[in-house]
Amino acid sequence: FSPPSISISLKDDWLLVKVQFPCAANRRCSVERCCPISELIDPWTTVTVYNNLNHSDYRTRTVWTQEVMSYVDFSGLAPGLNYCAVANFSFPTFSMAASPKSEPQCVKTLSKSGPVTLNSSVQTMNFINKNEENV
């Protein structure tokens with residue numbers, strides 16, 4: 001299997017990881033249309049969020065996916081730290097059938113005041129503390 005791709009968004013101490021599954025080669029799909037693996041079989045999706053400076057500080061959640069995309073959320077992240085997320089998927093009926101992990105996507109949580117930067121291989125977004133908008 002190919003790895004899934006992920007995107008992350010942050011609001012305060014709450015991180016949402018969106019997991020998109022790779023296309024599957026299947027006779028039911030035309031060459032022009034992508035059929036994500038999750039359309040053909042319901043995978044288990046495992047997302048791990050870890051502190052980029054201390055990899056022993058991590059959280060993992062596994063969810064059963066019955067949709068084309070999977071959304072996994074994490075809350076209570078410590079302020080002012082860099083966290084990264086990775087994801088993979090597996091099929092419990094096949095013990096060895098698991099994808100490689102996705103490319104990590106990283107984010108810095110909001111410190112007590114100041115901007116938060118989302119770093120990914122695709123884009124950089126700036127989140128501004130609402131208190132600063134009122135200044």
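Good morning. The secondary structure of this protein chain comes to two helices and nine strands. Please keep in mind throughout that the model is a predicted one. Read from the N terminus, the elements follow the order β-β-α-β-β-β-β-β-β-β-α. The chain has 135 residues, and 36% of them count as buried. Its accessible surface is about 8,400 Å², with 51% belonging to carbon and sulfur atoms. Among the contacts with a separation of 6 or more, 52% are between residues 24 or more positions apart.

Let me begin with strand S2, residues 14-20. S2 runs antiparallel to strand S1, residues 5-11, and seven bridges join the two.

Which residues of S2 form its covered face, and which its uncovered one? Leu-15, Val-17 and Val-19 make up the covered face, while Trp-14, Leu-16, Lys-18 and Gln-20 make up the uncovered one. As background, side chains in a regular strand alternate between the two faces of the sheet.

In general, nonpolar side chains tend to be buried together in soluble globular proteins. Val-17 illustrates the contacts: leaving out residues up to four places away in sequence, Val-17 touches Ile-6, Ser-7, Ile-8, Val-47, Ser-70, Tyr-71, Val-72, Phe-74 and Ala-85.

Is Tyr-83 buried or exposed? Tyr-83 counts as buried because its relative accessibility is 5%, and buried means under 20%. Beyond residues up to four places away in sequence, the contacts of Tyr-83 include Val-49, Tyr-50, Asp-57, Leu-77, Ala-78, Cys-106 and Val-107. Tyr-50 is 33 residues from Tyr-83 along the chain, yet their C-alpha atoms are separated by 5.4 Å. As for Ala-78, its backbone nitrogen lies 3.2 Å from a polar atom of the side chain of Tyr-83.

Finally, the aromatic rings. The structure holds three aromatic pairs. Trp-44 and Trp-64 form a tilted pair, at 6.4 Å centre to centre and 35 degrees between the planes. Trp-44 belongs to strand S3 and Trp-64 to strand S4, residues 54-64, so this pair ties together parts that are 20 residues apart in sequence. Trp-44 is partly exposed, with a relative accessible area of 31%. Trp-64 also counts as partly exposed, at 47% relative accessibility.

Phe-89 and Phe-91 form an edge-to-face pair, at 5.8 Å centre to centre and 75 degrees between the planes. Both of these phenylalanines are buried. Ring pairs link Phe-21, Phe-89 and Phe-91 into a cluster.

Thank you for your attention.

Conventions: Residues numbered from 1 in each chain as written. Predicted model: local features only at pLDDT ≥ 70, side-chain atom pairs only at ≥ 80, totals over all residues. Heavy atoms only, no water. Buried < 20%, exposed > 50% of the residue type's maximum accessible area, 1.4 Å probe, protein only. Helix = DSSP H or I, 4+ residues; strand = E, 2+ residues; numbered from the N terminus. Pairing = 2+ DSSP bridges. Contact = heavy atoms within 4.5 Å. Areas by Shrake-Rupley, 256 points an atom, 1.4 Å probe, with all protein chains shown as cover. Polar contact = N/O pair within 3.5 Å; in protein donor to acceptor, adjacent residues only side chain to side chain. Phe/Tyr/Trp six-rings, centres within 6.5 Å; stacked < 30°, edge-to-face > 60°.
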